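Trainee: Could you walk me through reading burial, ring pairs and backbone angles in a model? I'd like the general idea and then the case at hand.

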Amino acid sequence: MVSKKVKMITGHHPLYLETINLLTDGAFSRTSEFRQFVFSSINFEQVQSRYVVLRNFIEEEHNLIFFTDKRSPKVKAILKNSETECLFYDKLKKIQLRIKTHSSLLNDKKK
């Protein structure tokens with residue numbers, strides 16, 4: 001199990017801080033309820049949703065990173081329409097987080 005200590009940010013609303021902590025924990029802890037989330041995109045005028053695994057969270061840019069095969073239908077959907085949505089749920093804390101996102105393909109292996 002890998003877990004990164006989250007640095008405390010000052011001057012932000014407590015809900016924002018909790019959200020940052022949950023997403024950071026989801027990216028770096030395999031036991032986090034936020035590790036897997038529902039990613040939704042539009043393909044052929046229909047919403048398509050599927051579970052993906054959060055692999056990284058870049059706090060400064062608020063970027064959620066997950067991996068997918070470049071031949072996947074979601075890649076074509078993102079290229080056609082970047083408006084997407086991510087849905088997280090922690091059943092123990094009873095916290096649901098829905099984030100409206102603009103998705104893009106990241107080919108930079110360093111990030």
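Trainee: Are F39 and F66 buried or exposed?

Mentor: F39 and F66 are both buried. Buried means under 20% relative accessible area, exposed over 50%, and partly exposed in between (1.4 Å probe, protein chains only). F66 counts as buried at 18%, and F37 at 1%. Keep in mind that this is a predicted model: local features need pLDDT of at least 70, side-chain atom pairs count only at pLDDT 80 or more, and totals for chains, interfaces and linings use all residues. Residues are numbered from 1 along each chain as its sequence is written, and side-chain values use heavy atoms, with hydrogens and water left out.

Trainee: How many aromatic pairs are there?

Mentor: A pair of aromatic rings is described by the distance of the centres and the angle of the planes. Rings of Phe, Tyr and Trp (its six-membered ring) pair if their centres lie within 6.5 Å; planes under 30 degrees apart are stacked, over 60 edge-to-face, the rest tilted. That rule gives four aromatic pairs. One of them, F37 and F66, is edge-to-face, with 6.0 Å between centres and 75° between planes.

Trainee: Which residues form the aromatic cluster?

Mentor: F34, F37, F39, F66 and F88 make up one cluster.

Trainee: And what about phi at F44?

Mentor: Most residues other than glycine have a negative phi. F44 isn't a glycine, yet its phi is positive, about 55°. F44 is exposed, at 64% relative accessible area. H62, also not a glycine, has a positive phi of about 55°, and H62 is partly exposed at 44%.
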